[in-house]
Amino acid sequence: MSAPAVISLLTDFGDQDTYAGQMRGVITGLNPDVQVIDLTHHIPPQDIVRGAITWADALDAFPPGTIHVGVVDPGVGTSRRAVAAEIGPWRFVAPDNGLLTAIQVRWPTHVVVELNREEWRRKPTSATFHGRDLFSPVAAHWSRGVSISELGSIRETPLIEVPLPTVAVTDVTAAGEILWPDRFGNLITSITTADLPAAIPAEQFRVAVAGNAITGISRCYGDQPPGSLLALWGSSGRLELAITNGSANAQPNLRRGTPVEVRWPMP
Amino acid sequence: MSAPAVISLLTDFGDQDTYAGQMRGVITGLNPDVQVIDLTHHIPPQDIVRGAITWADALDAFPPGTIHVGVVDPGVGTSRRAVAAEIGPWRFVAPDNGLLTAIQVRWPTHVVVELNREEWRRKPTSATFHGRDLFSPVAAHWSRGVSISELGSIRETPLIEVPLPTVAVTDVTAAGEILWPDRFGNLITSITTADLPAAIPAEQFRVAVAGNAITGISRCYGDQPPGSLLALWGSSGRLELAITNGSANAQPNLRRGTPVEVRWPMP
Amino acid sequence: MSAPAVISLLTDFGDQDTYAGQMRGVITGLNPDVQVIDLTHHIPPQDIVRGAITWADALDAFPPGTIHVGVVDPGVGTSRRAVAAEIGPWRFVAPDNGLLTAIQVRWPTHVVVELNREEWRRKPTSATFHGRDLFSPVAAHWSRGVSISELGSIRETPLIEVPLPTVAVTDVTAAGEILWPDRFGNLITSITTADLPAAIPAEQFRVAVAGNAITGISRCYGDQPPGSLLALWGSSGRLELAITNGSANAQPNLRRGTPVEVRWPMP
């Protein structure tokens, strides 16, 4: 017996309603052997930028071939398109609204099709819940062996992009911003390991944020005395600001968009 | 190999505690091959009416034969009965406290049994957590092929009902009420597609709610300019009130129980 | 075909981020046939004592052989150790920081190994997310048949312990404290069925808490008139304080740490 297919779900549906459960019901009805994994249903409502970055940051944990379904979809039912795509070692199903932007920046796009075939839709198809009526059945059929070229027409034009926070890098600085806090109050930033020179020892970096000067990039949350503001590499390769045994997010001057600058000595 | 059985869970257990996880542990211990799907665990504590309607609205997404377990059970351990039932194309396990009311209104009840056999209970059986000790093991045994007549004695008398919000329909009006908001701040109402004449074009309906007059029933959330209060058909066939790029639930005069009237021209 | 292995997850990761989803991605990539159950991801951040007791209280619902993964891990990346253990009829993977304390008190520890082998780690291994990079892959490999002695070196010294709330028992009293509320506002206490004499009828116990005197231990939440403060045995064998159709947790003088005393007549 071959390994069961894996489908992951990333949405802004939350957990109060049954939207995520209905998606699972549809998927399981079409492919009872698939493994469905909730990546998260707590993207803030309609926050495509946060969905895009959060999605890209989580992919490395999944096996090749995983079908990742993303639904942050304020334009559901309008003329916005929907797509399936093979990008990097994974497969994706999503609205064409920018949700795939950060993923396409990091991994090569092999093929994209537009989901314009009625046959893979749930009937009747609502105009308000394509997560259940379009994206879930497409993912389920794909997981059963339907090929991507059967799912829709090859898309030649680029997908819609959302503007992502940028990092300005010089020989001795990288300037980015705070993105958002995680559950622990750690502040995720736009700066990644790729933005800093690998040859510089961690203790030689200086991080400046909202008047705070941090010396060195720590290895883990417990590396500094309780109460210290520290910088460290988070588990997805992003620079994080954290307070040992506390919450960096509780600092009133550290917010989404607050500039963060890392400086290092000329090698 | 036949398809694995599907069990869905709808409860008011939330996610802070391990109650839902314990239900899954019991089910998996008795039938390791079953697919368990969380429909939602966030029914407000002991809100049987909301549980009943939410449950009925989500069922269409599930394959025939799915065993739906519902636990909103303030009377656990008292003399309230517990039942298993075949209703429409699905199977149900629930307390006899009204939680099945909306489902029985919409689909035909084929058979109901009272769960009065000790052999299907987890031992020892607590008086405070029948979700784990009664409903979960019954569902697991049922999913393994135990027949409904083995689960308990045929129940001849009707199940207990809770009063559901009604809709008053005339030749030119349907009068209902706001039920509750979803995650996005859309307000779900008691009015369904079945309450309105199918022959009238969507733009000829007028919706009145708390002094607001809405012209036409929109197709999707993006159909109106940002900030507009609009009415549209939600994904379970209920009329919803929404604000494009906003939250109808943030309007202070739109609350659970607020009257909503739809009016249309005489055909 | 033998039954699929079961892995349960208890963490303080919450659900806003993708941490729990990434753990599932790693596990499924290594063992696609495993059943993964979320016990809870809502242990308050870094609250090892609450994690320890919550974990021990939920285990009885799971089949023998279940691999329970616990991650409440403020010391991730520091010199704290990580272990796999066979305790009672189950298997465990956790940091060595006290999270297994309550479990070791209740069930016999058969064998403990230190997770010091590079081969079972995800590469590269972060210093900030051992839930994904160490505990999940170890659990997945263990579930595929790797033996515990292959997972690491036998640990001879005792595990680190956290101080647990104690119960002082005399011939006629048991004195403990309130631990925390559950979702329903019921207050879980440190007093368990094992602390009280089994021969005394329930109605002969007297419970004193913050100036309230409760006569008898009720069987279930519906046993008293609405609004009454009652004491009863919760589903994990702990004494609970509850208010019928209300919330004991809404009482301002009932808090974590508030003393609770049970008194009974000399047999």
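The model is predicted, and local features are reported where pLDDT is at least 70. Two packed helices are described by the angle between their axes and the distance between the axes. In chain C, helix H1 (residues 19-30) and helix H4 (residues 130-143) pack at an angle of about 35°, and in chain B the axes of helix H1 (residues 19-30) and helix H4 (residues 130-143) cross at roughly 35°.

**Packing of H1 and H4 in chain C**

- The axes of H1(C) and H4(C) lie 9 Å apart, and the crossing of these two helices is right-handed.
- On the side of H1(C), the contact is made by C:Gln22, C:Met23, C:Val26, C:Ile27 and C:Leu30, while H4(C) contributes C:Gly131, C:Arg132, C:Ser136, C:Pro137, C:Ala140 and C:His141.
- Sorted by class, the residues in the contact of H1(C) with H4(C) comprise 6 nonpolar, 4 polar and 1 charged.

**Packing of H1 and H4 in chain B**

- The axes of H1(B) and H4(B) come within 9 Å, and their crossing is right-handed.
- From H1(B), the residues B:Gln22, B:Met23, B:Val26, B:Ile27 and B:Leu30 meet B:Gly131, B:Arg132, B:Ser136, B:Pro137, B:Ala140 and B:His141 of H4(B).
- The contact of H1(B) with H4(B) consists of 6 nonpolar, 4 polar and 1 charged residues.

- H4(C) bends by about 30° at C:Ser136, and a proline, C:Pro137, follows within four residues; both C:Ser136 and C:Pro137 belong to the contact with H1(C).
- Because 14 of the 14 residues of H4(C) are buried, this helix is largely enclosed by the rest of the structure.
- After H4(C) comes C:Gly145, which has a positive phi, near 115°.

**Burial of H2 in chain C**

- Helix H2 (residues 48-58) of chain C is mostly covered, with 10 of its 11 residues buried.
- The buried residues of H2(C) include C:Arg50 and C:Asp57, together with C:Ile48, C:Ile53 and C:Trp55.

- A:Arg132 is placed in helix H4 (residues 130-143) of chain A, and it counts as buried because its relative accessibility is 4%, where the cut-off for buried is under 20%.
- Apart from neighbours within four places in sequence, A:Arg132 is in contact with A:Gln22, A:Met23, A:Val26, A:Arg122, A:Ser126 and A:Pro137 in chain A, and with B:Ala61, B:Ser235 and B:Ser236 in chain B.

Conventions: Residues numbered from 1 in each chain as written. Chains lettered and ligands numbered in written order. Predicted model: local features only at pLDDT ≥ 70, side-chain atom pairs only at ≥ 80, totals over all residues. Heavy atoms only, no water. Axes fitted to C-alpha atoms, helices over the stretch in contact; angles between N-to-C directions. Left-handed = near helix turned anticlockwise from the far one by under 90°. Contact = heavy atoms within 4.5 Å. Nonpolar A, V, L, I, M, F, W, Y, C, P; charged D, E, K, R; others polar. Bend = angle between axes of the 7 residues up to and from the residue. Buried < 20%, exposed > 50% of the residue type's maximum accessible area, 1.4 Å probe, protein only.
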